[in-house]
Amino acid sequence: MRVYPFLLAGLLAACEPSLPQDTPKPEAFQPARVTAQAEVAPSPGFADQTGGGIFVTAAGELVRLRLDGTKAPLENHPGNPITPGRGRAVFRMGPGSALVEADNGLFMAQSGWIIAPPWRDALSLGLSASVVTPDGAAWLAHASGLFQLRDGALSQLKVDGQPLVGISSLVVAPAERVSPALWFIREDKLWNAIQTAAGAWQVRQAQVSLHKGETLVGLAGLGESEKGAGEAWLLTSERLLRNAADGWREVALEETPEQVVAAGRFLWVKTGDGLFLYDADKDAWGQASGVDTGSLRLLTADESGCVWAQLGTETVALSRGPVPRVLGLHEGMRVVEDSLVVRARVAPGNAPESVTFQVAGVDVPVSGPAFSLGGVEADGTPKAYSFDGLGPGVHTLSAVARYADGTEARRAVSFSYQPVSSSVLGWNKDIRPIHVARCAKCHDSGPGRQLSTYQQWKDNLPLIIAAVRDQRMPADGPLDPQLISVIQRWATAGANP
């Protein structure tokens, strides 16, 4: 990659600078709590929006925690050339996949399996952070530098030929009115990287006013939605800062913030005596009641507004309420199928009186136990709702559970609807090149399901579409969203040879 370095002078002002302030007025809430059947280690974990997550236990076991707190082990794939050994940490690689660092190297965790990706030997142990950009690329902060994983290939971002080592935090958020951009803390300084062309990046030291002696601790990033742009949030040794549309602002909490984690449009902040939740779509703060923050350590968050944490000797999932989970649609997904099926999974505990989907102002009541929207009935007739009524662009789908006490819990997911184009796609000219480049290594003679021919792809289309759309496959990293769209459009148009 080519990099254009820009060093900005005067990062720290000589005097005590001031920033515009936001003064939260949090509303107290009693959080919904699920206690997991596993004691996890105080190391990075991964939580997905379906309600579960992948963690390392205190004994070094790699486990999958489910929405109700039960656990399941992750199995070593029989095609792996080596066993993972004890787990050390888990990092996000997509909506439903994670990168596992274990004693014997790096592995992917997907669909209950631990899979050895082809590129694993290119990096040794030493990951500190990861992030996935909207174009499907994964970025890995490693002891030896900053790497991009795209289409199964690793490349390194350097400045003047030198690796970017010493990165402790890494997020995606707009910078210099460009979205998306990478933000990272490196050697106690804040940086961002903006792509200017294919393979070309500007890497610059970001300008933020700090007090004398104030140091950088961590970063968090809010994603983009129909209701607002993404944002970078900066935790320092003294306070919490956010990079909003009008520049940097200080979030004036009553106590010094100690930890911050974020996912989607939700951000959690821990102080000495408080646990706070910020909902960016509502621009509203809440404060969790009845949580002993003295023994609390935040681990990771998911896009539904849930945070996983260590609370004393317990591992718990905390959320604003019994939020339903959405399956079949993830944050920022590109939808091309008007027959897409989306399901809602209600939270454990009391059953809601009703579940309703809302899309573009339309309420669609659904029945249980499989609360689903879209698709077709068994006889082929359309269900009550189809996405074909939407115009192209960004939309929000909400799953709303209403309870007997008059309360409701809502999960909102932003997505981009791009209807199927009129161009004719075919297996030989459009799909087979994707298979050769990204799938053949596992699905021709490797450990995966055999998918080397047109007929095998056609026979397994539902499985293939679900795996690439949810970014669980390929095993060496998610496909570029454009390629996912090509596969979906080909399938929707009749899977022509």
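# A chat about a predicted protein model

User: Hi! Where does Gln49 sit?

Analyst: Hello! Gln49 lies in the loop between strand S5 (46-47) and strand S6 (53-56). Strands here are DSSP runs of E with at least two residues, and helices are runs of H or I with at least four residues, numbered from the N terminus. This is a predicted model, where local features need pLDDT of at least 70, side-chain atom pairs count only at pLDDT 80 or more, and totals for chains, interfaces and linings use all residues. Residues are numbered from 1 along each chain as its sequence is written, and side-chain values use heavy atoms, with hydrogens and water left out.

User: Is Gln49 buried or exposed?

Analyst: Gln49 is buried, because its relative accessible area is 5%. Buried means under 20% relative accessible area, exposed means over 50%, and partly exposed is in between (1.4 Å probe, protein chains only).

User: What does the side chain of Gln49 reach?

Analyst: The side chain of Gln49 reaches the backbone oxygen of Leu329 at 2.9 Å. Leaving aside neighbours within four places in sequence, Gln49 is in contact with several residues, including Asp302, Glu303, Arg325 and Arg411. Contact means heavy atoms within 4.5 Å.

User: Glu303, then. Which residue forms a salt bridge with Glu303?

Analyst: Arg92 does, with the closest N and O atoms 3.3 Å apart. This pair links distant parts of the chain: Arg92 is in strand S10 (residues 87-92), Glu303 is in the loop between strand S31 (296-301) and strand S32 (307-311), and they are 211 residues apart. A salt bridge is a side-chain nitrogen of Lys or Arg within 4 Å of a carboxyl oxygen of Asp or Glu.

User: How many salt bridges are found in the whole structure?

Analyst: A search of the whole structure finds 19 salt bridges. One of them joins the side chains of Glu231 and Arg242, at 2.8 Å from N to O. Glu231 is in strand S24 (residues 231-236) and Arg242 is in strand S25 (residues 240-244), 11 residues apart. Glu231 is buried at 13% relative accessibility, and Arg242 is buried at 10%.

User: Which residues are linked with Glu231 and Arg242 in a network?

Analyst: Asp22, Asp246 and Arg249 join Glu231 and Arg242 in a network of salt bridges.

User: Switching topic: how many disulfides does the structure hold?

Analyst: The structure holds 0 disulfides. A disulfide is a pair of cysteine sulfur atoms within 2.5 Å. As for cysteines, Cys306 is buried at 3% relative accessibility, and Cys439 is buried at 12%.

User: Now sheets! What is the strand order in the open sheet of 4 strands?

Analyst: The order is S5-S6-S7-S8, with antiparallel pairing. S5 and strand S8 (71-73) stand at the edges, each with a single partner strand, so one side of each is left without a neighbour in the sheet. Two strands pair if DSSP finds at least two bridges between them. Strand S7 (residues 62-65) and S8 pair in the antiparallel sense over 3 bridges, and the bridge partner of Val63 in S8 is Pro73.

User: What about S41, how many of its residues are buried?

Analyst: Strand S41 (residues 408-417) is mostly covered, with 7 of its 10 residues buried. Strand S40 (residues 393-402) runs antiparallel to S41, joined by 10 bridges. In that pairing, Ala401 stands opposite Ala409. S40 and S41 form a hairpin with 5 residues between them, and Gly406 in the turn has a positive phi of about 90 degrees.

User: Which strand runs parallel to S41?

Analyst: Strand S35 (residues 333-335) runs parallel to S41, and 3 bridges join them. There, Val335 stands opposite Tyr417.

User: Last one: what is the mean pLDDT of the protein?

Analyst: The mean pLDDT is 85, and 91% of the residues reach 70 or more. Over residues 4-15, though, the pLDDT is below 50, and this stretch has 21 contacts in the model beyond near neighbours in sequence. pLDDT is the predictor's confidence in each residue, from 0 to 100. Where pLDDT is low, the predicted coordinates should not be read in detail.

Note on methods. Polar contact = N/O pair within 3.5 Å; in protein donor to acceptor, adjacent residues only side chain to side chain.
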